[in-house]
Amino acid sequence: MIKDNITFNIILTAVAPIVWGSTYLVTTEFLPPNSPLLASVLRALPAGILLLLIGRQLPEGQWWWKACVLGILNIGAFFYFLFLAAYHLPGGVAALIMSIQPVIVLLLGLVLLGQSIQTTQVAACIIGMVGVALIVLQPTAKLDFIGVIAGFAGALSMATGLVFAKRWGRPKNVGVLTFTGWQLIVGGLVLIPPAFLSEGLPEKITLTNWLGFTYLCVVGALVAYALWFRGLDRLPALSVSFISLASPLSAAALGYIFLDQNLNGIQILGAIAVIFAVVLAQPQSKSFLPNFLQKNN
């Protein structure tokens, strides 16, 4: 029964990065051009306000500053660095750099959560990063210093937010939806200044644009982040960080289905490697391993 619950929690949590993998498709096909930060504000802030209206609970005491820290790390700073990296790097390189997030969670978990580092976890980190590289990295990809720094900063921001959310938990009388709403509001508010200073408002917003914004807000933020933080309540932080690798996997699959992008044998091999890494990093994964690896964990 416990194993079934873990499997259910893993699958339900994986819905979040699978949905996030659709962001590229929605951005290119539905949103106005050159407005990624504005899209992030409209994605996070309305969803957070709606969740706050539903829960009708404000933070109390130390949870004011904790909610601000988590909202900045998990939403605001992460989105900003993500889009900065995307502007300066090919998408594949940005995704590859972001895939270092589980490694950061592994190290932060050792320091902040007192968790030991296991052989399977190190193996999963290596396999996962190789898999992401096979899926998204192109031979002509070029590096840019600002983009690389932004990519690492984004991975560090999200990883730190995951570990602190796991360390602090959430108030006992506060549900996951309200807890998610706090963070979305903070993240959306933090993004308003850079969005208007660097992008401004689009000259025209069409019905198609509004449909895209609505999808990102309701599905990409409200539903996805609620499932994400629900999973963090029930699974180890490292397990959740590995589940995030489903995002580039989803983006590649949707690009193949809807945008006529190529999907070759190497990318399929990378997808298999990513799936194996995610499984390897989950609780009770030892049953999948050879005996000599089981003995080392």
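Contact denotes heavy atoms within 4.5 Å. In this predicted model, Ser250, leaving aside neighbours within four places in sequence, is in contact with Pro17, Ile18, Gly21 and Ser22. Ser250 belongs to helix H12 and is buried, its relative accessible area being 9%.

Confidence in the prediction was examined next. The mean pLDDT of the protein is 85, and 91% of the residues score at least 70. Among the elements, H9 has the highest mean pLDDT (94), whereas helix H14 (residues 291-295) has the lowest (46). Over residues 286-297 the pLDDT stays under 50, and for this stretch the model has twelve contacts beyond four places in sequence. Where pLDDT is low, the predicted coordinates should not be read in detail.

When residues up to four places away in sequence are not counted, the contacts of Tyr225 are Trp20, Asn74, Ile75, Phe79, Thr180, Leu184 and Gly220.

A further buried position is found in a loop. Leu245 is placed between helix H11 (237-243) and helix H12 (246-258), and with a relative accessibility of 4% it counts as buried. Not counting residues up to four places away in sequence, Leu245 touches Ser99, Gly128, Val132, Val274 and Val278. Its C-alpha atom is separated by 24 Å from that of Leu191, a residue 54 positions away along the chain.

Because Asp233 lies in helix H10 and Arg170 in the loop between helix H8 (145-168) and helix H9 (176-198), the pair ties together parts that are 63 residues apart in sequence. Asp233 counts as partly exposed at 33% relative accessibility, and Arg170 likewise counts as partly exposed, at 27%.

On the surface, a nonpolar patch is formed by Leu107, Leu110, Val111, Ile117, Val122, Ile126 and Val130, which together have about 610 Å² of accessible area. Helix H6 (101-112) and helix H7 (119-136) are the elements that give two or more residues to the patch. Ile117 is located in the loop between H6 and H7 and, with 38% relative accessibility, counts as partly exposed.

Backbone geometry was also considered. Most residues other than glycine have a negative phi. Asn34, although not a glycine, has a positive phi of about 60 degrees. Asn34 occupies the loop between helix H2 (23-30) and helix H3 (36-55), where its relative accessibility of 60% makes it exposed. A positive phi, of about 50 degrees, also occurs at Arg56, which is not a glycine. Arg56 lies in the loop between H3 and helix H4 (63-88) and is exposed, with a relative accessible area of 74%.

Note on methods: Residues are numbered from 1 along each chain as its sequence is written. This is a predicted model: local features need pLDDT of at least 70, side-chain atom pairs count only at pLDDT 80 or more; totals for chains, interfaces and linings use all residues. Side-chain values use heavy atoms; hydrogens and water are left out. Patches are made of residues with over 30% relative accessible area and no salt bridge: like charges are joined within 9 Å, nonpolar side chains (Val, Leu, Ile, Met, Phe, Trp, Tyr) within 5 Å. Accessible areas come from the Shrake-Rupley method with a 1.4 Å probe; for residues, only the protein chains shown count as cover. A salt bridge is a side-chain nitrogen of Lys or Arg within 4 Å of a carboxyl oxygen of Asp or Glu. Helices (H or I, at least four residues) and strands (E, at least two) are DSSP runs, numbered from the N terminus. Buried means under 20% relative accessible area, exposed over 50%, partly exposed in between (1.4 Å probe, protein chains only). pLDDT is the predictor's confidence in each residue, from 0 to 100.
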